[in-house]
Amino acid sequence: MNHIIVSENCSNMRKAARQGLTSRWYTAMLATLVFAAATTLPSMLAVFIFGKDFGTIVGNIYMLITGGAFLLGFSYFTMSLFRTGNGSPKDIFYGFDYLVKALSLNIVMTVFVILWSLLLIIPGIVAAYRYRLSYYIMLDNPNLSTLEVINESKRLMRGNKGKLFLLDLSFIGWAILATITFGLGFIALTPYMNMATFVFYELCNGNIMPRNIEINYGYQNENQSLKIQDDVQSIQNPESNIEKNDSGNIEIN
């Protein structure tokens with residue numbers, strides 16, 4: 001199995017992310033709001049009903065059970081938006097169809113990061129980056145076990161953790177602006193960063209080529225599945241009003 005070292009500069013990856021969000025910013029921001037509400041409001045409501053101490057415990061249990069499913073759903077939304085040009089805020093709840101697998105992945109990754117953090121904070125951060133692509137890998141490889149998904153993420157991130165860190169760091173200016181707006185700016189910044197991370201993932205697995213990033217809605221590797229199911233379904237190419245090159249691809253030079 002070939003191992004790819006991502007050499008694309010951060011500017012091009014961000015450009016591809018913006019291209020993936022073209023004419024879909026409203027949908028992406030709405031999905032972000034749904035995700036934020038679904039992951040925070042129940043915990044706040046628990047504190048309001050049961051009081052701070054017991055309510056916090058209830059909220060933590062809620063996030064432990066549902067957090068992985070919501071992250072898988074948000075990953076599915078981002079993947080669908082980039083690969084097919086289609087995505088819906090209801091995709092945020094997609095992960096609940098695979099609650100056990102998402103819960104298992106979330107717990108194992110959290111435990112591993114905590115264990116590495118016991119050494120020093122930096123090993124914990126490195127571990128978090130090592131497992132960063134796990135939800136996308138689970139969506140593309142539904143038959144892999146939790147540990148196999150994590151090991152595949154470790155393989156893809158070998159030699160690439162620094163590049164993903166630099167990609168995250170390149171958003172620091174936007175993060176400062178989002179903070180100045182009392183956090184409202186994160187409604188747009190979150191899907192932008194998620195999309196850039198997915199572009200990075202596609203570079204890691206060879207779906208798009210370095211220095212000539214192409215977005216071809218409807219593409220899918222022979223051994224990949226966008227949906228987690230036994231029968232791999234093909235993705236239909238949607239109509240697009242974006243200018244394309246002679247091969248039908250959107251190209252970033």
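Modeller: An axis here is a line fitted to C-alpha atoms, for helices over the stretch in contact, and the angle between two axes runs from 0 to 180 degrees between their N-to-C directions. Helices (H or I, at least four residues) and strands (E, at least two) are DSSP runs numbered from the N terminus. This is a predicted model, in which local features need pLDDT of at least 70 and side-chain atom pairs count only at pLDDT 80 or more, while totals for chains, interfaces and linings use all residues. Residues are numbered from 1 along each chain as its sequence is written, and side-chain values use heavy atoms, with hydrogens and water left out.

Colleague: How many helices and strands does the protein chain have?

Modeller: The protein chain has ten helices and two strands, and along the sequence they follow the pattern α-α-α-α-α-α-α-α-α-α-β-β. Of its 253 residues, 43% are buried, where buried means under 20% relative accessible area, exposed means over 50% and partly exposed lies in between (1.4 Å probe, protein chains only). Among contacts (heavy atoms within 4.5 Å) between residues at least 6 apart in sequence, 73% join residues at least 24 apart.

Colleague: At what angle do the axes of helix 2 and helix 10 cross?

Modeller: Two packed helices are described by the angle between their axes and the distance between the axes. In this model, the axes of helix 2 (residues 25-50) and helix 10 (residues 186-204) come within 8 Å and cross at roughly 105°. The two helices, helix 2 and helix 10, are therefore roughly perpendicular to each other, given that 65 to 115 degrees counts as roughly perpendicular, under 35 as roughly parallel, over 145 as roughly antiparallel and the rest as oblique.

Colleague: Which residues in helix 2 and helix 10 meet?

Modeller: On the helix 2 side they are Trp25, Ala28, Met29, Thr32 and Leu33, and on the helix 10 side Phe186, Ile187, Ala188, Thr190, Pro191 and Tyr192. By class, this contact of helix 2 with helix 10 has nine nonpolar, two polar and no charged residues, with Ala, Val, Leu, Ile, Met, Phe, Trp, Tyr, Cys and Pro counted as nonpolar, Asp, Glu, Lys and Arg as charged, and the others, Gly among them, as polar.

Colleague: Where do helix 1 and helix 10 meet, and through which residues?

Modeller: The axes of helix 1 (residues 10-21) and helix 10 come within 8 Å and cross at roughly 115°. From helix 1, Met13, Arg14, Ala16, Ala17, Arg18, Gly20 and Leu21 meet Pro191, Tyr192, Met195, Ala196, Val199, Phe200 and Leu203 of helix 10. By class, the contact of helix 1 with helix 10 has eleven nonpolar, one polar and two charged residues.

Colleague: How far apart are the axes of helix 9 and helix 10, and what is their angle?

Modeller: The axes of helix 9 and helix 10 are 9 Å apart, and the helices pack at an angle of about 155°. Helix 9 and helix 10 are therefore roughly antiparallel to each other. Here Trp174, Ala175, Ala178 and Thr179 in helix 9 meet Phe186, Leu189 and Tyr192 in helix 10, and the residues of this contact of helix 9 with helix 10 divide into six nonpolar, one polar and no charged.

Colleague: Is Trp174 exposed, partly exposed or buried?

Modeller: Trp174, which is found in helix 9, counts as partly exposed at 47% relative accessibility. Not counting residues up to four places away in sequence, Trp174 touches Leu189 and Tyr192. The C-alpha atoms of Trp174 and Gly185, eleven residues apart along the chain, are separated by 8.3 Å.

Colleague: What does Asn194 contact beyond its neighbours within four places in sequence?

Modeller: Asn194, found in helix 10, is in contact with Phe74, Thr78 and Tyr136 once those neighbours are left aside. Asn194 and Phe74 are 120 residues apart in sequence and 8.9 Å apart in space, C-alpha to C-alpha. At 22% relative accessibility, Asn194 counts as partly exposed.

Colleague: What is the phi of Ser23?

Modeller: Most residues other than glycine have a negative phi, and most peptide bonds are trans. Ser23, although not a glycine, has a positive phi of about 65°. Ser23 sits in the loop between helix 1 and helix 2 and is exposed, with 67% relative accessibility. Phe182, also not a glycine, has a positive phi of about 60°; its place is in the loop between helix 9 (172-180) and helix 10, and Phe182 is exposed, with a relative accessible area of 80%.
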